[in-house]
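Please look at the sequence and the 3D structure below before reading on.

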Amino acid sequence: MIRIGIPSFGTDRGRSGIGSYMQELIDRFDRDELKGEFSFELIGPQEDKEQYLGKTQNIGWYQVEGADSSPIHNFFWNQFRLPGICRKRGYDLLFLPAANRRLTGRAPCPSVGTVHDLAPLHVKDKYDFIHTVFNRNLLPRLIRGLDEIITVSQFSKDDIVRFSGVEEERVHVIHLAADDARYLPASGEDPAAALGEKYHFAAPYILYISRIEHPGKNHVQLIRAYSEFRSRTGMQVSLVLPGPDKERAEEVHLEAEQSPFAGDIIFPGFIDAADVPDFYRGAKLFVMPSRFEGFGLPVLEAMACGTPVITSTEASLPEVSGPHAPKVDPDDVGELSRMMEGILTDGKRAQELADAGLAWVKGFSWEKTLEETLEVFRKSVGQ
């Protein structure tokens, strides 16, 4: 049996794309048919146990409190305490699901890490000085220490090979997917009105689900394009921007406050997980104008719910969104505004995009993600 330790640090208590990735894998690692070959144990605080293991039966837990009080603290904990836990618990493999944030260079067993992206090397002013030094100087060196590397797009693989200098054969592209049990087109009443009442906005609405972060997530340019679209067309459409405030969020809020349509730009904060599919289903349009994404899972989730999507030309987004989805330079406010108008005023075009998106997402599956991930585990331990 392969005994695997999984630190939860860096996964944001489930409140991010990496957290969603962690949850999807944990739920599938829990399957009875894997018990004869694998034994999984989560390493982390009580709060993460409650988040990730609430419905599981076969995943163990090793309690660690206070190890992630700050990124610097956790960096040293990973280098000096985590190796001892690996020895004490007898792990055959260490799996680091947030390896672009948390890594150890001293694992006493084979290690596999998922490096979702190297965004700090591309997006200027994304992090403070200490984070920048870590990402530019220490992270590539620590990545090289992994036995096998998982990443989520060909774009990110090319980045990892380029910046870390690892051999291509050690980097495995394993795409993510929209959970087909949750993300489905609406089958009954349009959920937009009920969501609007709960979260205090008016339908119809344009949606962008992301943490509120500047400049990487590019909310400012989206708000400008929305304001231009509203001024030109006179259409009564809200812009709904769910997500927690992160780096430089105050600049995004200031841009919204200065818009002549500020009252229709809504920041619901972190929304209930159960409501996320309905947010996609109720939207007339999903726009993801990000400057950088290692994958961009919300694109697939929106498509799976039958919502037309506009995304950007940057990083992995063309790879993930497919050839049918409209793409725009993230700095071209005018073009984004015109794209929004073209879809929102042409029902036939919107339906064509929705249908093409539903067909595209069928090429992605969490079952495929699981099996390819387990194959990397087997390879690493076998070596």
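Does Arg248 count as buried, partly exposed or exposed, and what is its relative accessibility? The model is a predicted one, and in it Arg248 counts as partly exposed, at 27% relative accessibility. The cut-offs explain the label, because partly exposed covers the range between buried, under 20%, and exposed, over 50%.

Arg248 sits in the loop that joins β9 (238–240) to α9 (249–258). Its phi is positive, about 60°, although Arg248 is not a glycine. Asp12 is another residue with a positive phi of about 60° that is not a glycine. The loop that holds Asp12 runs between β1 (2–7) and α1. With a relative accessible area of 27%, Asp12 is partly exposed.

| Peptide bond | Form | Omega |
|---|---|---|
| Ala203 to Pro204 | cis | near 0° |
| His214 to Pro215 | cis | near 5° |

Where are these prolines found? Pro204 is in the loop between α7 (192–199) and β8 (205–207). Pro215 is in the loop that lies between β8 and α8 (219–233).

**Two helix pairs**

Helix α1, residues 17–29, packs against helix α15, residues 366–382. The angle between them is about 80°, and their axes are 11 Å apart. The two helices are therefore roughly perpendicular to each other, because angles of 65 to 115 degrees are given that name. On the α1 side, the contact is made by Tyr21, Glu24, Leu25, Arg28 and Phe29. On the α15 side, Trp366, Glu367, Thr369, Leu370, Thr373, Leu374 and Phe377 take part. By class, the residues of the contact of α1 with α15 are seven nonpolar, two polar and three charged.

The other pair is helix α3, residues 71–80, and helix α4, residues 82–89. Their axes come within 4 Å and cross at roughly 40°. That angle makes α3 oblique to α4. An angle under 35 degrees would count as roughly parallel, and one of 65 to 115 degrees as roughly perpendicular. The residues of α3 in the contact are Trp77, Asn78, Gln79 and Phe80, and those of α4 are Leu82, Pro83 and Ile85.

**The protein as a whole**

The protein has 15 helices and 13 strands. Its radius of gyration is 21 Å, close to the 21 Å that the globule rule gives for 383 residues, so the protein is as compact as a globular protein of that length. Along the principal axes, the C-alpha trace spans about 65 × 45 × 35 Å.

What share of the residues counts as buried? Of the 383 residues, 56% do. The protein exposes about 16,200 Å², and carbon and sulfur atoms supply 48% of that area.

Contacts can also be sorted by separation along the sequence. Among contacts between residues at least 6 apart in sequence, 68% join residues at least 24 apart.

Terms used. Residues numbered from 1 in each chain as written. Predicted model: local features only at pLDDT ≥ 70, side-chain atom pairs only at ≥ 80, totals over all residues. Heavy atoms only, no water. Axes fitted to C-alpha atoms, helices over the stretch in contact; angles between N-to-C directions. Parallel < 35°, antiparallel > 145°, perpendicular 65-115°, else oblique. Contact = heavy atoms within 4.5 Å. Nonpolar A, V, L, I, M, F, W, Y, C, P; charged D, E, K, R; others polar. Rg over C-alpha atoms; globule rule 2.2 N^0.38 Å. Buried < 20%, exposed > 50% of the residue type's maximum accessible area, 1.4 Å probe, protein only. Areas by Shrake-Rupley, 256 points an atom, 1.4 Å probe, with all protein chains shown as cover.
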